[in-house]
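Please examine the sequence and the three-dimensional structure shown below.

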Amino acid sequence: MRLKTYTAKSLPEAMAKVRERLGVDAVILQQQDLEDGGVRVTAALETAPGPAGPFSGPSGLEAFSELTEALDYHRLPNGLLDRLIAAAGAVEADTPTLSLAGGLDSIINFGAPPAAATRKPLLLMGPPGAGKTATAAKLAAHARVRGAEATLITLDVGKAGGLAQIGAFAEALGAELREARDAESLARAVNEVAPNRLVLIDTLGTSPYDADGLREIGDWMAAADAEGVLVLQAGGDPVESAEVALTYADAGARQMIATKLDATRRLGGVLSALHAAQLQFMAAGVAPTIGGGLRGINPVQLARLILPERDAGEETEDAPDSTEPDGETLAERAQA
């Protein structure tokens, strides 16, 4: 049996989608009224027998509903939720969590924090307060424990205490620290870095609605011939996060680091930003500490943050509790 969800403004519109995409033989299994006034329909279509998966058999609808409820809890927009549900439902796996991992892998590009010098410098951009300076230090620490040396270049020289903060980080990490004030001095600073060093550029926090500030980021990117990395705090509104990510992608961001997973419970904003802007998920900030506070996240780990696996026979709890088993935070599960 093939299960799919369809979201629409009204039941007739949802039914029309079901008939259009699954045909007249589709069976409606569930109908859910949404908070925004819309409706979500779960429909099934009998298909040729194949390998059993977590969404087939007598417990298939229950597992499918649990996955949908978990994604609802994380506040995924309806379009992304339907797409992710469809992608997960097409994956043959032993558990819903592994099916979700396969679905995530098909719609999100996963990467990893650099363990050595990269072909281009990495320029960290993002809204004020997202944690760019601490993230730059965490990237340097991640590379250092793997035997690589880093150079930190800061453009954030005007903020009170900003230079002192990154200076303290650089000293503690044994990293080289350079300063730049504009595109011209940034180009010089990059060119003076010795070969085979990871170059990390810490920029000023820029509002995604500041056109002049975004143009300045473009100037810095061009001067340094850098790769843009968006640093975005987790826990934001999914629609707002998607719009912010699209803005920074237009400014040159190609990768993203989600910060402060230790201070959030819902990942809809992170998933929406990654998906809408087609950014590679480089890493997540999972603790305030510099050493070990940044982790790469793979599809299985992300799926477990969204839908923790349960022991056979364990009762299903409400979605909010399922995201915090035994008091364990998202960040703690990311580090597992």
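Predicted model: local features only at pLDDT ≥ 70, side-chain atom pairs only at ≥ 80, totals over all residues.

Residues are numbered from 1 along each chain as its sequence is written, and side-chain values use heavy atoms, with hydrogens and water left out.

The secondary structure of the protein chain consists of 13 helices and 12 strands. These elements are DSSP runs, numbered from the N terminus: helices are H or I runs of at least four residues, and strands are E runs of at least two. The protein chain has 336 residues, of which 51% count as buried. A residue is buried under 20% relative accessible area, exposed over 50%, and partly exposed in between, with a 1.4 Å probe and protein chains only. The chain exposes about 15,300 Å², and carbon and sulfur atoms supply 48% of this area. Such areas come from the Shrake-Rupley method with a 1.4 Å probe; for residues, only the protein chains shown count as cover. Contacts give another view of the fold: among those between residues at least 6 apart in sequence, 73% join residues at least 24 apart. Contact here means heavy atoms within 4.5 Å.

The interior comes next. In soluble globular proteins, nonpolar side chains tend to be buried together. A nonpolar core is a set of buried Ala, Val, Leu, Ile, Met, Phe, Trp, Tyr and Cys residues joined through side-chain atoms within 4.5 Å. The largest such core in this model has 64 residues, and Leu 104, Ile 201, Phe 281 and Leu 302 touch the most other members. Helix H3, residues 78-89, gives the most to this core, with 6 residues. A second, separate core has 26 residues, including Ala 137, Ala 143, Val 231 and Met 282. Which residues does Leu 302 touch, not counting residues up to four places away in sequence? They are Leu 104, Phe 110, Leu 267, Leu 271, Phe 281 and Ile 297.

Helix H3 also packs against another helix. Two packed helices are described by the angle between their axes and the distance between the axes. The axes are lines fitted to C-alpha atoms, for helices over the stretch in contact, and the angles run from 0 to 180 degrees between N-to-C directions. Helix H2, residues 60-73, and H3 pack at an angle of about 145°, with their axes 11 Å apart. On the H2 side, the contact is made by Phe 64, Leu 67, Thr 68, Leu 71 and Asp 72, and on the H3 side by Leu 81, Leu 84, Ile 85 and Ala 88. These residues divide into 7 nonpolar, 1 polar and 1 charged. In this classification Ala, Val, Leu, Ile, Met, Phe, Trp, Tyr, Cys and Pro count as nonpolar, Asp, Glu, Lys and Arg as charged, and the others, Gly among them, as polar.

Leu 84, which lies in helix H3, is buried, with a relative accessible area of 1%. Leaving aside residues up to four places away in sequence, Leu 84 touches Leu 71, Leu 76, Leu 100, Gly 103, Leu 104 and Ile 107. In the loop between H2 and H3 is Arg 75, which is partly exposed, with a relative accessible area of 43%. Arg 75 has a positive phi of about 65° although it is not a glycine.

Helix H9 (residues 238-250) and helix H10 (residues 268-277) pack at an angle of about 35°, with their axes 7 Å apart. Pro 238, Ser 241, Ala 242, Ala 245, Leu 246 and Ala 249 in H9 meet Gly 268, Gly 269, Ser 272, Ala 273, Ala 276 and Ala 277 in H10. By class, this contact has 8 nonpolar, 4 polar and no charged residues.

By contrast, Leu 305, found in helix H11 (residues 299-306), is buried, with a relative accessible area of 1%. Leu 305 and Leu 267 are 38 residues apart in sequence and 8.5 Å apart in space, C-alpha to C-alpha.
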